[in-house]
Amino acid sequence: MSFLEVNDLKVHFPIRGGFFGGTQGYVKAVDGVSFSIEKGKTYGLVGESGSGKTTTGRAIIGLNKITSGKVLFDGQEITDLHRASKDIRRDIQMIFQDPYSSLNPKKRVSDIIAEPLRNYEKLTKGEEQKRVQELLELVGLSPESSLKYPHEFSGGQRQRIGIARAIALKPKLIIADEPVSALDVSVQAQVLNFMQDIQKELGLTYLFISHDLGVIKHMCDEIGIMYKGRYVESGTKEDIFNNPQHIYTKRLVAAIPDINPRNRSQHLQFRQEVKKEYEQAFNKYFDSEGLAYQLQPVSNTHLVALPEKG
Amino acid sequence: MEMNKVELVNDKEVAISPSGWKIVGREIVRDKLALFSLILLTVIIILVYGVSFFLNQEEIVTVDLFSIHEPPSETHILGTDYGGRDVFGQLIIGTRNSLSIGIMVTVMTGVIGIIFGMVAGYFGGTTDNILMRILDFFQVLPFLMIVIVFVAIVPKYGILSFSLIMTAFLWMGIARLIRSKALQEKELDYVQASKTLGTSDLKIMFTQVLPNLSSLIIVTMTLNLAANIGLESGLSFLGFGFPESTPSLGTLVSYARNPQTLEFRWWVWVPASVLILVLMLSINNVGQALKRATDARQRRG
């Protein structure tokens, strides 16, 4: 059995309007998403802005209300996380996208990192300080940092504080919502490698949400590609990058820049071909509303949203 | 991991960040006007509460027909009013009464407003809607009229009952302010992060969100303190505040409605007017310094 299993997850937001503020319709932010993650692996969720990847992550951890569908964590249902037992909640933590707004500006670093410890573990002041120091050391910040305020740190350091807070309770699953997209490119690799290090060290499972295919390729074992709240393709890293089946995926993969300048014109030509194919085959791959079809298995690991035959 | 060592070395040179009170202290010392205002305010408050301890209110407000309108002399430092009552004694007791009302009303409106606004703003939706309609109801009540009715109905009222009636109609402003800020603040990631870390709503509201509104609260409360002293004086001046048997700064100033007093007997109303001005200015100056202290970008110290 898989570690985290998401079954036909739907998150719909009501559109309120009209004279009496009634519900006029729904924004289908996430519309029937299913996937599963194995323990110790990294699952990448890719998609353009507004494709519902962040909403999916937030719904799993309980920040967005789930309209329908099921979320199973380690065999237990956590669809309504507020009702779920406290033990499960401490096993799922989140790393936020924006390291500037995700740390309370009025709290010292020691208070920020100790917050989860105070909620779940009854520690004395001394024990708590010791744990904070250990965590700071683990994420590569000096012990003196604990008395500082978040505004005294750089973006990369702040993100490390966010990571330290997320791993304070030794969780099993971490939902990383674009953890590096707000960071400088030079710091991105640092944070990503660090995340891989602690994954090995603590045996973490990641749900990695990103729009950067390069980052995804670096981090993930399995990948799901989202478009307008639905999956268009999912499979292992090799399936997606070497054998993309859906035109949307093909276009995404074609957009990864080539480092070799000699291939520039060739690459451009390839991109244009893919673009042409995308425009021509759009109606074939998407239904009348421009949404993806149901997923069809192509191989054991590879699922693609292809129109039903016949 | 190599670069971590570099950071270790760099961080050791940086001093430990100062705590909240140290910053406030430093800011006030740096701002000479605020420092002067704070000292003046402290002196006035200690003097007023200290001296009034030794004064007998009954004795001071007793009419003495043999010493009407006496100019300042050795027996009466600030002369007497039209009832032959010692103006200095009235000034001290009046300032104490006015200050007590100002402080009590500010604290009570603050507490009610913060809790009300925070709950409405943080939960939002239906809770917000219901609470705001209650607030709107209080807002449309005519404050002045009700105070006049209150004065007419209750023949004998003291500082506490007067503070309560003022509080009942003055908590809406701060509640609205806190609500609007809480609405903004709850959308920030650190609130979401606290939720995922298992912190309860109540704890998030008052230990995570509230400190971020502290600058707003401190400034509003300080300015409200000045305004409430002014409001009390204003009501007393109009005759809807305290009767003459309970002196306040407003009752003293209201003697100036008599043109004779206004023109020839300055000692009755000038000290009270000057004291109102000084108190409100000093409170404002201190409030501004506190405002800067709570915002790292505006700090001078």
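1. A salt bridge here is a side-chain nitrogen of Lys or Arg within 4 Å of a carboxyl oxygen of Asp or Glu. A:K53 and A:E178 form one, with their closest N and O atoms 3.6 Å apart. The two residues sit in distant parts of the chain, 125 residues apart: A:K53 in helix α1 (residues 53–61) of chain A, and A:E178 in the loop between β7 (173–177) and α6 (185–202) of chain A. Helices (H or I, at least four residues) and strands (E, at least two) are DSSP runs, numbered from the N terminus. A:K53 and A:E178 are buried; buried means under 20% relative accessible area, exposed over 50%, and partly exposed in between (1.4 Å probe, protein chains only).

2. On sources: this is a predicted model, in which local features need pLDDT of at least 70 and side-chain atom pairs count only at pLDDT 80 or more, while totals for chains, interfaces and linings use all residues. Residues are numbered from 1 along each chain as its sequence is written, chains are lettered from A and ligands numbered from 1 in the order in which they are written, and side-chain values use heavy atoms, with hydrogens and water left out.

3. Over all chains, the search finds 14 salt bridges. A:R90, A:E121 and A:R131 are linked in a network of them. In chain B, B:R85 pairs with B:D81 at 3.2 Å between the closest N and O atoms, and both residues are buried.

4. B:R176 and B:D136 also form a salt bridge, at 2.7 Å from N to O. B:R176 lies in helix α9 (residues 172–185) of chain B and B:D136 in helix α6 (residues 125–140) of chain B, so the pair ties together parts 40 residues apart in sequence. B:R176 is partly exposed at 39% relative accessibility, and B:D136 is partly exposed at 24%.

5. At the interface, 30 residues of chain B are in contact (heavy atoms within 4.5 Å) with 35 residues of chain A. On the side of chain B that touches chain A, α1 (2–13), α10 (189–196) and α11 (201–212) of chain B each supply at least two residues. The most come from α10(B), with seven residues.

6. B:T109 lies in helix α5 (residues 87–123) of chain B and is buried, with a relative accessible area of 2%. Not counting residues up to four places away in sequence, B:T109 touches B:T167, B:L170, B:W171 and B:I174.
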